[in-house]
Amino acid sequence: VTVYVKVYTNSPFLVCMDLGLSQEEIIDPSYLWIGPDGKNLKGQTHTHLTETGKLMVVGFKESMSGAYTCTLSHKIIETETQDETEVSEAYKFMVYAYREPDYTYKISLRFTTKECKLEANKQFFEELKRILDNILSDLACHVIDPSYKCHSVKIPKQNLLYELFITFQVNPFAPGWEEVCNHLPYDCEDETNRRVQEARDRIEEFVDKQAYILKNDFITPPTIRYVDHSFEVTRIDSCRPGFGKNDVTHNDCASCCVVCDPGTYSPNNEVTCRTCVRTQIKQYGAKSC
């Protein structure tokens with residue numbers, strides 16, 4: 001059985017029993033849980049074992065990933081002779097730490113302009129960046145990789161138009177972003193993702209207002225104006241070092257950043273774990289080869 005546990009949370013209870021046995025009477029059961037390091041888990045500070053053989057791993061970390069095996073021993077008593085037979089069943093769980101990916105949003109939108117060589121185009125672009133940064137300032141998010149190009153566009157049944165194609169990314173790691181995590185006990189990917197989603201929503205609201213103002217407040221439209229319905233958003237995921245996505249190996253958690261398996265590593269925020277060919281990596285979550 002494969003189980004995925006979010007870092008710093010508790011695992012679900014792993015049950016040392018199959019479905020068939022769970023429906024039967026079990027006599028004198030005993031349970032032996034062995035962790036990925038080959039040691040007995042009874043009495044370990046990071047585990048919780050119940051008398052019915054259920055295991056919970058507490059405060060799960062990358063290094064706790066691996067194979068958890070349980071041996072259930074119990075007796076079968078012959079009704080007529082009362083002979084006792086000791087039998088054992090073994091169960092294996094592959095347990096992996098995972099994180100939610102870090103979100104960045106790529107946004108594109110378009111504005112009409114009078115002509116491509118207009119000096120006002122650059123001034124408008126710089127002003128737009130300033131406005132966007134002000135909108136996001138309290139979220140510890142910022143605009144990165146902003147760019148624009150001017151193109152001539154022929155629209156059916158209209159004359160040739162000139163449009164500014166603007167793209168940028170909204171990133172949750174503006175200078176000082178760590179301060180938003182000071183009140184959190186461990187990692188803050190949920191908080192940074194919430195904030196960057198809020199940033200995306202604010203920008204969309206700002207763009208919607210431009211469309212509304214253009215339709216309702218201008219008798220003569222301005223030279224540079226928003227192209228209605230041109231706002232597009234794409235989410236870009238990244239994983240923390242030591243984690244990566246693999247929709248083949250981990251198809252049950254394809255959208256998760258799963259801890260890198262032994263033999264692989266991830267040194268940066270890429271989405272996949274690399275294979276290490278120089279040395280043999282034995283631990284989970286390696287950040288270097």
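This briefing walks through the domains, nonpolar cores, strand pairing and one threonine of the structure above. The model is predicted, so local features need pLDDT of at least 70 and side-chain atom pairs count only at pLDDT 80 or more, while totals for chains, interfaces and linings use all residues. Residues are numbered from 1 along each chain as its sequence is written, and side-chain values use heavy atoms, with hydrogens and water left out.

**Domains**

- The domain assignment of the protein chain gives domain 1 (2-99) and domain 2 (102-238); such bounds come from an automatic or database assignment.
- Between the C-alpha centres of domain 1 and domain 2 there are 52 Å.

**Nonpolar cores**

- A nonpolar core is a set of buried Ala, Val, Leu, Ile, Met, Phe, Trp, Tyr and Cys residues joined through side-chain atoms within 4.5 Å, where buried means under 20% relative accessible area, exposed over 50% and partly exposed in between (1.4 Å probe, protein chains only).
- The largest nonpolar core has 31 residues, and W33, F60, Y68, F93 and V95 have the most contacts inside it.
- At least two residues of this core come from each of strand 1 (2-6), strand 5 (54-57), strand 6 (66-77), strand 7 (84-99) and strand 14 (257-259); strands here are DSSP runs (E, at least two residues), numbered from the N terminus.
- Strand 7 gives the most to this core, with 7 residues.
- Another core, of 25 residues, lies apart from it and includes F111, L136, F168 and I203.
- Y68 has contacts (heavy atoms within 4.5 Å) with residues including W33, L55, V57, F60, F93 and V95, not counting residues up to four places away in sequence.

**Pairing around strand 5**

- Two strands pair if DSSP finds at least two bridges between them.
- Strand 2 (residues 14-15) pairs with strand 5 in the antiparallel sense over 2 bridges, and L14 stands opposite L55 in strand 5.
- Strand 4 (residues 47-49) also runs antiparallel to strand 5, joined by 3 bridges; T47 has V57 as its bridge partner in strand 5.
- Strand 4 and strand 5 form a hairpin with 4 residues between them, and G53 in the turn has a positive phi of about 85 degrees.

**A closer look at T264**

- T264 is found in strand 15 (residues 264-265).
- T264 counts as buried because its relative accessible area is 17%.
- The side chain of T264 reaches the backbone oxygen of D261 at 2.7 Å.
- Not counting residues up to four places away in sequence, T264 touches C273, R274, T275, C276, I281 and A286.

Terms used. Polar contact = N/O pair within 3.5 Å; in protein donor to acceptor, adjacent residues only side chain to side chain.
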